[in-house]
Amino acid sequence: MIIKQLSVFLENKAGRLHEVFDVLGGANINVSACSVADTSEFGILRMIVSEPDRAREILKEKLFSVNVSEIISFATPNTPGALSKTLEILAAAEIGIEYLYGFSVGEKSFIALRCDKPEKAVMEFQRHKLELISSSDLYKF
Amino acid sequence: MTNKIWNPHFETMSREDMRQVQSERLRDAVERVYYNVPYYREKMQSQGLGPEHIKSVDDLSKLPFTVKQDLRDNYPFGLFAVPMSEIIRVHASSGTTGKPTVVGYTRADIGVWSEVMARTLTSAGAGKNDFIQIAYGYGLFTGGLGVHYGGEKIGASVIPISGGNTKRQLQLMEDFGSTVLACTPSYAAYLAEAIEESGIKREDLKLRIGVFGAEPWTENMRREIEKRLQIKAIDIYGLSEIIGPGVSFECPHQCGLHINEDHFIPEIIDPETLEVLPEGELGELVFSTITKEGLPIIRYRTRDLTRLNFEKCACGRTLVRMNKCTGRSDDMLIIRGVNLFPSQIESVLLEMDETTPHYLLIVDRLNNLDTLELQVEVEDRFYSDTIGELQNLRKKIQHQVESATGLSVNVKLVEPKTIERSEGKAKRVIDKRKLF
């Protein structure tokens with residue numbers, strides 16, 4: 001399903017990443033996934049959090065630049081070739097991937113993916129009976 | 001829309017006639033300073049110059065420059081060209097660094113001042129039926145009294161309220177039905193806010209024109225003031241060393257400030273080489289007063305940066321136009337031999353939707369080559385979550401700056417609100433080269 005992801009623009013300065021998590025931790029917001037895309041000059045922290053709207057407000061108050069984008073989250077079996085099959089579905093539907101990040105442990109791999117046609121991707125995944133992670137699994141209400 | 005012209009003879013004169021007027025008056029002015037001001041005489045003599053060498057405006061560039069320090073060195077009255085018995089007024093600018101600069105006016109000078117301010121207010125659209133609320137400071141500062149004389153000359157009703165006391169400003173604006181507000185642009189912005197907060201309804205005010213100057217302001221600020229006060233905001237320019245307000249003024253077309261060049265001849269020079277620059281080039285504005293008696297001043301370096309446009313304006317005036325001043329020559333940097341004014345960067349950033357005018361320029365020297373880094377804050381909504389978009393934005397800013405300045409620059413996007421804010425003079429440049 002479509003999930004809200006927060007992205008935070010960060011200059012490459014020591015301690016800056018820690019400050020973000022410090023703010024979120026202090027506000028009792030849980031981070032369930034994150035990744036940092038980096039260049040020599042700046043980085044973009046992307047993360048899935050338990051209360052995206054509140055997290056956004058809190059970070060904004062602390063003068064971080066925060067944006068919300070929509071990503072898709074799904075699970076695949078933790079076996080060789082499983083991710084390949086999933087991505088083949090997207091390629092066949094001509095859906096472009098902007099980035100993804102993920103992690104496997106035990107029997108499953110969890111993937112967060114940003115693509116150019118999220119609604120279409122969700123439909124394709126449902127058609128192929130892939131296990132989609134819904135926001136209720138990740139957010140706190 | 002075109003307003004009336006106060007003095008069509010001089011304001012719409014052909015370029016050729018203007019040159020003649022200027023040449024005649026310049027000859028006269030040079031003679032006066034040579035014979036009456038020892039400072040000018042010595043300076044001219046040391047360069048082998050006499051009044052006979054100045055025949056027309058073409059000879060102006062032979063004359064030495066005058067700078068603010070010269071006024072301070074001759075404090076208080078050393079540069080006056082008439083006996084004190086002829087001086088009927090002195091004004092002085094605040095001396096933030098040392099002694100104030102003192103200027104003196106004869107009765108004829110006050111007449112010139114009234115004339116150029118009458119032109120200014122007429123051009124702004126004011127006339128004898130207007131109420132002009134003058135919220136520039138009165139006193140040693142030239143702003144208040146300068147507008148005052150112009151207002152009286154055109155027959156308007158002048159309200160000499162002076163600056164400050166915002167509550168009373170609003171009360172008189174409403175009760176007297178002020179139609180013209182004259183003050184600094186920052187005070188105008190402040191008054192706009194105060195009006196909104198006071199609960200006064202806009203329809204109860206008759207305000208229609210703003211005459212704003214005495215400090216630099218941007219086009220964005222103008223649009224903001226015009227929108228909030230629902231007026232036409234006219235930019236005026238002046239400096240006490242030349243006469244005060246009234247040196248140049250906008251017409252309703254807002255396409256540059258017409259210089260009263262039958263009284264003040266402008267030149268644009270390169271602030272480094274001091275060479276006169278070709279028409280249309282950006283450089284430091286220099287003025288020579290050609291009618292002033294009390295304190296005639298030759299080739300005064302204003303430190304303000306602008307360019308001149310000699311084309312006839314849609315308003316009908318032929319008076320040369322100067323652009324809104326974009327910065328100060330004191331701020332000029334020389335990067336790899338190219339002159340760079342921080343204001344050039346600022347205008348690029350103001351024009352782009354994605355960027356804010358908050359920036360920091362860092363100049364350094366690596367392997368004998370100057371490097372230029374531009375740190376810039378991006379408008380919040382443009383901080384994307386993809387590297388590609390941010391890199392493209394970086395390239396776009398880089399490209400815009402390069403095409404505006406001719407210098408390659410390394411653009412660095414920084415987090416919002418991390419560049420120091422300042423009410424007055426913001427620190428925009430760090431030149432690390434000076435350390436070596």
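**Figure 1. The largest nonpolar core of this predicted model has 134 residues.** The residues with the most contacts inside this core are B:I132, B:I134, B:A182, B:A188, B:V211 and B:V376. Helix α5 of chain B, residues 107-124, gives the most to the core, with seven residues. For background, nonpolar side chains tend to be buried together in soluble globular proteins.

**Figure 2. Helices α5 and α6 of chain B pack at an angle of about 75 degrees.** Here α5(B) meets helix α6 (residues 142-153) of chain B, with the two axes 7 Å apart. The two helices are therefore roughly perpendicular to each other. On the α5(B) side, look for B:I110, B:W113, B:S114, B:M117, B:A118, B:T120 and B:L121. Their counterparts in α6(B) are B:G146, B:V147, B:Y149, B:G150, B:G151 and B:K153. Sorted by class, this contact has seven nonpolar, five polar and one charged residues.

**Figure 3. Helices α7 and α8 of chain B pack with their axes 10 Å apart.** Helix α7 covers residues 166-177 of chain B and helix α8 covers residues 185-198, and the angle between them is about 75 degrees. That makes α7(B) roughly perpendicular to α8(B). From α7(B) come B:T166, B:Q169 and B:L170, which meet B:L191, B:A194, B:I195 and B:S198 in α8(B). In this contact there are four nonpolar and three polar residues, with no charged ones.

**Figure 4. Four strands of chain B form an open sheet with antiparallel pairing.** To find your way across, follow the order β10-β11-β12-β15. The edges are held by β10 (264-269) and β15 (327-328) of chain B; each has a single partner strand, so one side of each is left without a neighbour in the sheet. The partner of β15(B) is strand β12 (residues 300-306) of chain B, and the two pair in the antiparallel sense over two bridges. In this pairing, B:D304 stands opposite B:R328 of β15(B).

**Figure 5. Strand β6 of chain A pairs with β4 and with β5 of chain A.** Strand β4 (residues 65-77) of chain A runs antiparallel to strand β6 (residues 108-115), and six bridges join them. One position to look for is A:A75, whose bridge partner in β6(A) is A:F110. Strand β5 (residues 97-105) of chain A is also antiparallel to β6(A), here with eight bridges. In β6(A), the residue opposite A:L100 is A:L113. Two residues lie between the strands in the hairpin of β5(A) and β6(A), where A:G106 takes a positive phi near 65 degrees. Stepping back, chain A as a whole has five helices and seven strands, in the sequence pattern β-α-β-β-α-β-α-β-β-α-β-α. Of its 141 residues, 24% count as buried. Among the contacts in chain A with a separation of 6 or more, 67% come from residues 24 or more positions apart.

**Figure 6. Chain B meets chain A through 12 residues of its own.** These are in contact with 15 residues of chain A. On the chain B side, strand β20 (residues 410-414) gives the largest share, three residues.

Note on methods:
Residues are numbered from 1 along each chain as its sequence is written. Chains are lettered from A and ligands numbered from 1 in the order in which they are written. This is a predicted model: local features need pLDDT of at least 70, side-chain atom pairs count only at pLDDT 80 or more; totals for chains, interfaces and linings use all residues. Two residues are in contact if their C-beta atoms, placed from the backbone, lie within 7 Å. A residue is buried if 20 or more other C-beta atoms lie within 10 Å of its own, exposed if 12 or fewer, and partly exposed in between; C-beta atoms are placed from the backbone. Two strands pair if DSSP finds at least two bridges between them. A nonpolar core is a set of buried Ala, Val, Leu, Ile, Met, Phe, Trp, Tyr and Cys residues joined through C-beta atoms within 7 Å. Axes are lines fitted to C-alpha atoms, for helices over the stretch in contact, and angles run from 0 to 180 degrees between N-to-C directions. Angles under 35 degrees count as roughly parallel, over 145 as roughly antiparallel, 65 to 115 as roughly perpendicular and the rest as oblique. Ala, Val, Leu, Ile, Met, Phe, Trp, Tyr, Cys and Pro count as nonpolar, Asp, Glu, Lys and Arg as charged, and the others, Gly among them, as polar.
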